[in-house]
Amino acid sequence: MVNLIIDGREITVKENTTIMEAASQNGIPIPKLCYLKGINEIAACRVCVVELEGKEKLITSCNNVAKEGMVIHTNSPKVRRHRRTTVELILSQHDCECVTCSRSGNCSLQTIANDLNIIDIPFKMEIERQPWNKEFPLIRDSSKCIKCMRCVQVCEKVQGLGVWDVEGTGSRTTINVAGHRTIEEADCALCGQCITHCPVGALRVRDDTEDIWDAIADPDKIVVAQVAPAVRTAWGEEFGLSDDEATVGKILDALKRMGVDYAFDTTFSADLTIMEEGTEFLHRFTAGELKERPMFTSCCPGWLRFIKSQYPHLVRQLSTAKSPQQMFGAVMKTYFAEKLGVSPQRIYTVSVMPCVAKKEEKEMELFYQEYAGHDVDTVITTRELTKMIKSAHISPDTLSDIESDRPMQDGTGAGVIFGATGGVMEAALRTAYYLLKSENPPEDAFKAVRSTGFNENEGIQEADFQIDNVTVRTAAVSGLGNARALLDRINKGEVHYDFVEVMACPGGCVGGGGQPIHDGREMAYERGRKLYHLDENAKRRFSHENHDVQKMYEEYFVKPNSPKSHMLLHTEHNL
Ligand code: HC1
Ligand code: SF4
């Protein structure tokens, strides 16, 4: 153990603890901009400087370790002067038009500048403005970049892709897409992790909320919305709501009050996905068709972009099932349109997702009878949803916990856990067991595929299950860097699985790039636990027991993997 004094307090910490961590563990926060624990500890911004008694020069607290006998001041006049000049210099190269910035009110630079009482910027330098395609779902505004390197490190270290890099030297140093490519040419998975880890507004998601307002205002359009499982875990964070208050039913009510005609919960189509994908897996598995193992899940579009660009030879091992988002869109424009007695052209489908890549996944085509278009017309993220609620002046405490519309109302606990890493696998195994044995397994029989935290299993969870005399070897992985490690081991023949779930974002969709941003705080597993709690308390916990899905099969699709299901609910994964 190490004893030191920080701001007059005698403290004891473990060996190799940084000064910043030591201070934080004792309730002394040190301001920071570039620091991200375990990912970016490079002292690039120098905002975290502290004074070490006996040393002339200030030292950075994020990458200097606490040593026996140190006497540290985190907020002395010298520290404040230095920090202030550092932040003023950053601001001198930053577009400070905060009113129109997507991160206004949730910007670490804004907060630090306010805390330091900076009301004027003494120097102003030329601001770098690089061109960008604003149609792309991920938008970079170079005039807001503070060169903290977080995006570079997150994309490289966590997502294993290295889309960003440093460009230029000296005062011309900037960040840009690596290898002089455009973002469309780079292998960006659109996971959005660089957005949620950007401390300012340099990276943002394309805002599609106006398209929805336009559709709502169009009397010819019937606006039909769906809300993804993970959104319920996070939207309340923007309004300071407790878990009990921030229900999915209130999101449905908010959508209705904004003018959406019908509002549904994506857990319905998550259950439908399990029927299709679970049946497909059993088919491939038991009929010996699963020669090339494993079968990979296909519901995460970030993962699909990744496998197509990085491991194209494995694409044929993806399940052909569309994602719940796309399946629901297809069902809305066919089955539901028929129920309403209107043509699919009049149905305008909206998804509320925790995800950036869903904005690109929606380009998937749907051809059905006289209809040729998309399953889903517009995708907004959880952050865009909360913006819409605010701009509609809806106070969350006036919202009611309403039910999803009929006839796609039912959703089980199995559908809910899709939003957490391992959830799709667990849901699929619950139903695969039933399909094999004609009886339900114990509800938590497959909980070994769950991950509970970032450090415990590093995002890869392996589990073998015995069903009668059959062993099903599974793995669930989240984070594309982890996925790369797993795929490399599969390629080398070091590991063998039958079924593998991959989610691009660490922790699954709950940690998606479209979720509310809490700078430097990873929320995924906390949110994931909320989904498992909802599952535990759900009326039904098996996708095959979803009454409305059962009814839809009776009335429309006949059975899982039927010709009609193949036409509407499955896809070919083209490279
Ligand atoms: Fe997801 Fe999915 S779980 S991909 O994370 O399969 O985005 O929540 O909606 O489609 O259901 C996301 C979440 C989501 C789909 C489902
Ligand atoms: Fe990298 Fe994901 Fe950002 Fe694309 S969205 S640049 S893959 S972190």
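Analyst: Happy to. Domain bounds here come from an automatic or database domain assignment. Please also keep in mind that this is a predicted model. With that said, the assignment gives domain 1 (2-115), domain 2 (138-205), domain 3 (216-268 + 325-398) and domain 4 (287-320 + 411-543 + 551-569).

Let's start with domain 1 and domain 2. Their centres, taken over C-alpha atoms, are separated by 23 Å. Where the two touch, domain 1 contributes 17 residues and domain 2 contributes 16 residues. On the side of domain 1 that touches domain 2, there are 11 nonpolar, 4 polar and 2 charged residues.

Is Ser 102 buried or exposed? It counts as buried, because it has 22 C-beta neighbours inside 10 Å, and the cut-off for buried is 20 or more. Setting aside residues up to four places away in sequence, Ser 102 touches Gly 201 and Arg 204. Ser 102 and Val 205 are 103 residues apart in sequence, yet their C-alpha atoms are 9.0 Å apart in space.

Next, find ligand 2. It is surrounded by 13 residues, and the closest are Cys 155, Val 163, Cys 188, Cys 191 and Cys 194. Helix 4 (150-158) and helix 5 (193-196) are the elements that give two or more residues to this shell. By class, the shell around ligand 2 holds 10 nonpolar and 3 polar residues, with no charged ones.

Of the 19 residues around ligand 1, Ala 228, Ala 230, Cys 299, Cys 355 and Cys 509 come nearest. The classes in this shell are 12 nonpolar, 6 polar and 1 charged.

One is helix 9 (residues 301-310), which is largely enclosed by the rest of the structure, because 7 of its 10 residues are buried. Those buried residues are Pro 301, Gly 302, Trp 303, Leu 304, Arg 305, Phe 306 and Ile 307. What covers them includes helix 11 (358-361), helix 15 (480-491) and strand 19 (499-503).

The other is helix 12 (residues 382-391), where Thr 382, Arg 383, Glu 384, Leu 385, Thr 386 and Ile 389 are buried. Their cover includes helix 6 (209-217), helix 7 (248-258), strand 13 (347-353) and strand 16 (378-381). After helix 12 comes His 393, with a positive phi near 55°. Further along, in the loop between helix 12 and helix 13 (413-416), you will find Pro 407. The peptide bond from Arg 406 to Pro 407 is cis, with omega near 5°. For background, most residues other than glycine have a negative phi, and most peptide bonds are trans.

Now for helix 8 (residues 267-286), which holds Ile 274. This residue is buried, since 30 other C-beta atoms lie within 10 Å. Not counting residues up to four places away in sequence, Ile 274 touches Ala 414, Ala 427, Ala 428, Thr 431 and Ser 543. By contrast, Ile 274 and Thr 378, 104 residues apart along the chain, have C-alpha atoms separated by 24 Å.

Let's finish in the interior. In soluble globular proteins, nonpolar side chains tend to be buried together. Here the largest nonpolar core has 155 residues, and those with the most contacts inside it are Ala 225, Ile 251 and Ala 504. Leaving aside neighbours within four places in sequence, Ala 225 is in contact with Leu 255, Val 260, Ala 263, Phe 264, Val 350 and Val 352.

Conventions: Residues are numbered from 1 along each chain as its sequence is written. Chains are lettered from A and ligands numbered from 1 in the order in which they are written. This is a predicted model: local features need pLDDT of at least 70, side-chain atom pairs count only at pLDDT 80 or more; totals for chains, interfaces and linings use all residues. A residue is buried if 20 or more other C-beta atoms lie within 10 Å of its own, exposed if 12 or fewer, and partly exposed in between; C-beta atoms are placed from the backbone. Helices (H or I, at least four residues) and strands (E, at least two) are DSSP runs, numbered from the N terminus. Two residues are in contact if their C-beta atoms, placed from the backbone, lie within 7 Å. A residue is near a molecule or strand if its C-beta atom, placed from the backbone, lies within 6 Å of it. Ala, Val, Leu, Ile, Met, Phe, Trp, Tyr, Cys and Pro count as nonpolar, Asp, Glu, Lys and Arg as charged, and the others, Gly among them, as polar. A nonpolar core is a set of buried Ala, Val, Leu, Ile, Met, Phe, Trp, Tyr and Cys residues joined through C-beta atoms within 7 Å.
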